[in-house]
Every structure is written in structure tokens, then in C-alpha cells.
Amino acid sequence: MTAWCCTITIGVPLSVEPAKPVSHPLFQEASPPTFSEAMNACPKANIPNFKDKLHEENLYLITEEGEQGRLPVWILSMKENNTQKRPAVVFLHSTNKNKEWLRPLLEAYASREYVAIAIDSRYHGERASNISTYRDALISSWKKGDTMPFLFDTTWDLIKLADYLTQREDVDPTRIGITGESLGGMHAWFAAAADTRYAVVVPIIGVQGFRWAIDNDKWQARVDSIKPVFEAARIDLGKTSIDKEVVEKVWDRIAPGLASKFDSPYTIPAIAPRPLLIVNGEEDPRCPLAGLEIPKSRACKAYEDAQSIHNFKLIAEPGIGHQMTAFMVKEASYWFDQFLMP
């Protein structure tokens with residue numbers, strides 16, 4: 001387990017509380033999305049009366065003290081053969097969305113005999129009270145330094161989720177995968193780097209070089225994705241515009257080590273020899289491909305040293321920016337089937 005976990009209260013024993021389905025999921029967007037062509041392209045088994053055979057569970061895991069220590073978990077699986085241990089895949093949503101948004105993926109994987117799991121990341125979904133909850137948490141993190149809502153707090157939740165999943169009777173503890181889109185891709189990457197129980201890993205449009213972006217003046221698109229916290233920092237630092245210094249200070253404050261020892265050149269190779277597929281867009285300004293050259297080369301060496309080079313792959317889809325596509329969703333699906341299915 002890496003050092004960031006030590007910043008979080010760990011004295012609370014893991015416990016489970018019942019929860020109810022969410023009828024009106026909260027999106028922290030002015031115009032919430034209604035349909036994802038990419039997610040609906042995920043391979044799905046043709047099962048008659050599928051909805052009747054689908055088992056849905058809603059629960060809370062208590063991962064630490066406080067309001068944000070209640071981790072909402074949503075699990076879909078098939079009712080049949082529920083005495084048999086099956087592979088599981090954890091799905092993680094992007095910024096401002098929620099676990100319910102991921103239903104097409106969960107249903108597709110459940111239809112193929114996976115246990116499919118989604119959570120609300122910190123200050124999202126059931127862990128948000130209004131449309132600005134996540135933004136406000138990021139600004140509070142900058143000003144007070146008391147939480148790490150951007151990446152590390154959800155990584156802690158995912159470690160505790162692994163504690164829970166490995167105890168379930170229907171989950172094979174050696175066959176747990178993790179994937180996510182954008183912010184969820186970052187969460188998948190960091191969770192896998194911190195916890196080897198995530199056996200197969202597919203971050204989608206999430207892996208990037210934070211230090212590289214600062215050094216090469218390519219930080220703007222990533223900063224724009226959560227701009228209010230950088231604007232708050234700019235004002236506090238007496239700057240007339242957001243610059244390299246502001247960016248570096250924000251990362252050091254809200255995610256210490258993100259642009260140094262926890263950056264992709266160090267944490268991506270740490271996933272070896274477990275199967276790792278990185279899927280990005282070739283033109284993605286938030287995850288510039290040039291910033292992945294060093295982590296890619298170091299990962300290749302780590303996988304070669306472990307005699308498992310076939311377990312690592314990086315795909316950059318031509319002509320695609322910061323967008324999860326049907327191609328990416330299908331590639332992720334094939335990767336999990338290859339390494340998690342018997």
C-alpha cells in the first residue's frame with residue numbers, strides 16, 4: 001500500500017449497511033446526459049427475460065468516519081449460478097456523473113457472468129448534496145488541506161471495496177478487474193497501483209503525465225476540467241492568471257505527490273506484472289500522448305523483467321480527443337474476457 005493512505009483515518013472497521021436504489025441520480029452538470037452510445041456498444045449476452053434474471057444490490061460500505069465515509073455501492077449479477085465464484089469488474093464514473101450512469105456497462109458485464117460493481121466517487125452521486133458539491137470540495141481542499149477529493153480519497157475507498165469484494169461468496173478474489181472513464185480512469189490507475197487485489201486494469205482516457213504537462217506547458221486542458229479550484233488558488237496567490245506555479249501548488253496541495261512520486265512514470269510500472277490496458281485518444285489534450293512516453297517505456301521494461309510483456313498494452317485511438325468511444329469500451333471488454341474469464 002502506498003504512502004497516501006496514511007493521510008486518512010483508518011481506525012474504522014469495515015462494515016456494510018443496506019441501501020435503496022437511487023431513483024433520481026444527481027449529475028453535477030447544467031445539462032445532464034441521457035444516453036451514451038459508447039457504453040451501449042459494450043458486448044452483451046442475449047438472454048431472454050434478462051431483466052427478470054438480473055440481481056441488483058445497493059449497499060453502503062463504511063470506509064472511514066464522517067459523512068464521506070459512507071461509500072455507495074451498486075452491484076449487478078445474474079441470479080442463476082449464484083453459488084459459483086465469478087470474476088468481478090469495478091466501474092468508475094467520470095467527473096460530475098454517478099454510478100447509475102454506468103448501468104449499460106454493468107448490465108452488459110453481468111449478462112456475461114461477471115459480478116459488476118459501480119460506486120459513487122467522493123462528492124459525487126449520493127455523496128453530493130447539490131450541483132456544486134465536488135467543485136466546493138476541491139476548493140476546500142486547496143484552502144484547508146483537510147481532504148483529498150480529486151484522487152486519493154476515492155483510492156482509499158477502492159482499497160476498502162477490495163476488502164469487501166474478496167469476502168463475497170460469489171466473487172473469485174483472484175479475478176477482480178477495475179476500469180473507469182476520465183476521472184474514473186485515474187481512480188482505476190491509482191487503485192491498481194495501491195492494491196494488487198485489482199488483478200486486471202483498464203483505465204480509459206485517464207492516464208497522463210502530470211509532471212510532464214507542467215514541464216512542457218501542456219497543463220491547460222486538465223486544469224480547465226476543474227478550473228474553479230485553480231481560480232481560487234490564483235486569487236490566493238495574488239496572480240493575474242493561472243500559470244505553471246499555480247498548477248504545481250494546487251497539485252501539491254490537493255494531491256501531494258501527484259506530479260512526483262505518484263505520477264505515471266512511477267505508478268504505471270508498479271502495476272506489473274498484472275494485465276494492464278491503457279486506452280486513450282491520440283488527440284486527447286487532457287492526457288497528451290507525448291506525456292506517456294516515459295511511463296510507457298518504464299512499464300514495458302517492468303513487464304519484460306517480469307516475463308509478461310503480453311500483459312501490457314497502450315492503445316491510442318486515432319482522431320479522438322478526450323472522449324470514451326465504442327472502440328475503447330469493446331477493447332476493455334475483450335481485455336477483461338482474455339484475463340478474467342476461465
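Me: Before I look at the open space here, what is a pocket?
Reply: A pocket is an open set of grid points with protein on both sides within 12 Å along at least five of seven lines. This is a predicted model, and its largest pocket holds about 340 Å³ of space.

Me: Which residues lie nearest the centre of the largest pocket?
Reply: Glu181, Ile205, His322, Gln323 and Met324 do, out of 20 lining residues. By class, that lining has six nonpolar, nine polar and five charged residues.

Me: And how should I read a cavity?
Reply: In a cavity, a 1.4 Å probe fits but cannot get out.

Me: Which element supplies the largest share of the lining of the largest cavity?
Reply: That is β6, with three residues; β4, α2 and α12 each give at least two. Glu181 and Met324 are among the residues lining this cavity, and both also lie nearest the centre of the largest pocket.

Me: Now the helices: at what angle do the axes of α4 and α5 cross?
Reply: They cross at roughly 55° and come within 9 Å. That angle makes α4 oblique to α5, and the crossing is right-handed.

Me: Which residues of α4 and α5 meet there?
Reply: Phe152, Thr154, Thr155, Leu158 and Ile159 of α4 meet His187, Phe190, Ala191 and Ala194 of α5. Six of these contact residues are nonpolar, three are polar and none is charged.

Conventions
Residues numbered from 1 in each chain as written. Predicted model: local features only at pLDDT ≥ 70, side-chain atom pairs only at ≥ 80, totals over all residues. Heavy atoms only, no water. 1 Å grid on protein atoms, 1.4 Å probe; cavity = no way out; pocket = protein on both sides within 12 Å on 5 of 7 lines; lining within 4 Å. Points joined across faces, edges and corners; volume = space filled by probe spheres on them. Nonpolar A, V, L, I, M, F, W, Y, C, P; charged D, E, K, R; others polar. Axes fitted to C-alpha atoms, helices over the stretch in contact; angles between N-to-C directions. Helix = DSSP H or I, 4+ residues; strand = E, 2+ residues; numbered from the N terminus. Parallel < 35°, antiparallel > 145°, perpendicular 65-115°, else oblique. Left-handed = near helix turned anticlockwise from the far one by under 90°. Contact = heavy atoms within 4.5 Å.
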